[in-house]
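Welcome to this tour. Please open the model in your viewer and keep the selection tool at hand, as each stop begins with something to pick.

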Amino acid sequence: MNKIFVKDLENYFDQSITIDGFVDNIRDLQYVQFLILRDSTGKLQITIEKNNTNSVLNEIVSNLTMESTIKVEGKLLKSEKVKLGGKELIPSNIIVTSTSLPELPIDLKDKDKSLRETRLDYRFLDLRREENNLFFKCETLFEQAMREYWTSNEYIEIHSPKISGASAESGAEVFKLDYFGEKACLSQSPQFYKQMAMAAGFDKVFEIGPAFRAENSHTSYHATEINMADVEVSWIDSVEDVMDEEENMLRYVFNKLRDTYGDKIKEVFGVEISDPTNAFPRVTFVEAKRILKEEFKYVGEKEEDFERKEEELMCQYAKDKYNSDFIFITKFPFSARPFYHMLDEDGLTNSYDLLFKGLEITTGAQREHHYGILKQQVIEKGINPDTLDFYLDFFKYGCPPHGGFAIGLARVMMQMFEIDNIREATFVYRGPTRLTPWLL
């Protein structure tokens with residue numbers, strides 16, 4: 001396709017062109033008509049004088065509705081009087097390629113004039129707003145940059161099953177389904193399959209894909225269907241190696257995003273992309289609890305885990321003391337972590353959470369790879385090891401020391417752009433009370 005976009009118009013002054021887009025605005029005055037055409041890259045003013053020569057065009061514009069789609073043929077001119085980029089198109093032909101109903105169900109100019117739930121009902125319209133277009137372009141680059149980092153460092157991409165045997169998951173937070181008469185569920189995580197890849201000698205793997213959590217949670221940062229970026233690496237010496245790898249990857253990704261879209265993000269969202277240059281501080285769970293109590297006079301209700309307020313305060317601490325939007329919290333108690341996390345000599349897990357701008361975006365750990373110890377930890381968690389035969393078999397025939405992490409993509413994006421709700425940072429949100437749009 002040789003389609004011309006608004007962003008490319010500097011190359012077409014004084015030329016006849018054809019351009020397509022949505023009708024963003026219409027001003028029908030006494031002697032002149034102004035159309036604003038919008039595509040995914042910007043906006044263009046189209047100017048039509050009212051006269052006999054333009055009578056057909058005048059009639060088309062007079063009957064146009066906002067958000068209809070048009071194809072416009074005409075000559076592109078420089079015009080210092082035009083505030084919209086100093087350019088205007090003088091049309092010779094306007095073709096209406098689709099017509100919108102005159103009354104839109106949501107306000108596309110000011111999102112705050114429409115209820116969020118209504119905007120989610122009409123998500124295909126809500127996504128037309130400039131900020132959403134930019135947001136998902138940035139998410140695309142975010143994922144692309146992660147892939148660049150991984151492939152340049154000899155990672156293998158895997159695609160794990162999203163339908164799991166019901167016994168493969170513990171707890172009640174799974175979506176159960178019938179699999180040809182057998183019990184099954186939607187996968188909460190590719191964790192076991194990542195570790196299978198380690199046992200297979202793949203050394204380093206990654207996956208970007210969906211995960212499903214049947215959590216009846218109505219917070220601003222939970223969803224029942226999420227996209228995760230998962231990583232697992234072999235031949236590590238400690239959990240520090242895992243944190244180093246994640247930090248290096250995020251530094252590469254954030255720098256690329258800032259270099260490519262930093263100015264536009266500041267213009268549209270009013271935020272600066274975080275500078276990841278400084279080393280991410282690392283604080284143990286016990287030390288973090290001490291800091292919260294002594295420096296912030298705050299004691300959370302959870303003794304063996306963090307609550308949201310504590311995450312926010314520790315990020316404030318990292319910003320004030322280390323000028324970092326990131327902070328690793330390490331050495332969580334075993335009671336707050338899965339059975340497959342390795343324990344240190346004090347019985348604490350070789351695990352971490354990565355907090356970013358007040359919210360946990362990653363959980364990572366060194367895994368226990370010794371069969372006997374792992375089986376004992378399964379039992380300590382109250383799980384019947386017979387239900388995990390396939391998983392435990394990975395460790396019977398030699399398995400490298402390994403560890404990994406998982407990043408919630410919507411969470412990291414919403415924090416990056418300082419968006420207050422994960423519903424706004426998800427293409428189509430799924431939550432306990434939202435199964436719409438429900439297209440098959």
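**Stop 1: a loop residue**

Select Phe202, which sits in the loop between helix H5 (191–199) and strand E10 (204–212). Helices (H or I, at least four residues) and strands (E, at least two) are DSSP runs, numbered from the N terminus. This is a predicted model, in which local features need pLDDT of at least 70 and side-chain atom pairs count only at pLDDT 80 or more, while totals for chains, interfaces and linings use all residues. Residues are numbered from 1 along each chain as its sequence is written, and side-chain values use heavy atoms, with hydrogens and water left out.

Leaving aside residues up to four places away in sequence, Phe202 touches Ile156, Ile158 and Ala197; a contact means heavy atoms within 4.5 Å.

**Stop 2: the whole protein**

Zoom out to see everything. The protein has 11 helices and 16 strands, and its C-alpha atoms fill a box of roughly 90 × 55 × 40 Å along the principal axes. Of its 440 residues, 49% are buried. Among contacts between residues at least 6 apart in sequence, 64% join residues at least 24 apart.

**Stop 3: helix H4**

Next, select H4 (130–152). H4 has 23 residues and reaches 33 Å from its first C-alpha to its last, close to the 33 Å expected at 1.5 Å a residue; the expected span is 1.5 Å times one less than the number of residues. The buried residues of H4 include Leu134, Phe135, Phe136, Leu141, Phe142, Tyr149 and Trp150. Show their surroundings, and you will find the buried residues of H4 packing against helix H3 (123–126), E10, E11, H6 and helix H11 (409–416).

Walk on to Glu154, in the loop between H4 and strand E6 (156–157). Glu154 is exposed, with a relative accessible area of 67%, and its phi is near 65 degrees, a positive value in a residue other than glycine. Most residues other than glycine have a negative phi, and most peptide bonds are trans.

**Stop 4**

Which residues are closest to the centre of the second largest pocket? Select Asp39, Ser40, Thr41, Gly42 and Glu130: of the 17 lining residues, these are the closest to its centre. The volume of this pocket is about 440 Å³.

A pocket is found on a 1 Å grid over the protein atoms alone, as an open set of points where a 1.4 Å probe fits, with protein on both sides within 12 Å along at least five of seven lines; lining residues have an atom within 4 Å of a point. Grid points are joined across faces, edges and corners, and a volume is the space filled by probe spheres set on the points.

Strands E1 (16–28), E2 (32–39) and E3 (42–49) and helices H4 and H6 (239–269) each give two or more residues to the lining. H4 gives the most, with 4 residues. By class, the lining has 4 nonpolar, 5 polar and 8 charged residues. Ala, Val, Leu, Ile, Met, Phe, Trp, Tyr, Cys and Pro count as nonpolar, Asp, Glu, Lys and Arg as charged, and the others, Gly among them, as polar.

**Stop 5**

Pick Trp235, in the loop between E11 and H6. Trp235 is exposed, with a relative accessible area of 58%, and has a positive phi of about 60 degrees although it is not a glycine.

Then pick Thr224, in the loop between E10 and strand E11 (225–234). Thr224 is buried, with a relative accessible area of 8%. Its contacts, not counting residues up to four places away in sequence, include Phe175, Phe212, Arg430 and Pro432.

**Stop 6: helix H7**

Select residues 285–296, the 12 residues of H7; they should span 16 Å, and the end C-alpha atoms are 16 Å apart, which agrees. Phe285, Ala288, Ile291 and Leu292 are buried in H7. Looking down the axis of H7, the buried residues fall within an arc of 115 degrees, so they line one face of the helix; the arc is that of the directions from the helix axis to the C-beta atoms. On the other side of H7, Val286 and Lys293 are exposed.

**Last stop: a cis bond**

Finish at Pro437, in the segment after H11. A cis peptide bond joins Thr436 and Pro437, with omega about -10 degrees.

Key: Buried < 20%, exposed > 50% of the residue type's maximum accessible area, 1.4 Å probe, protein only.
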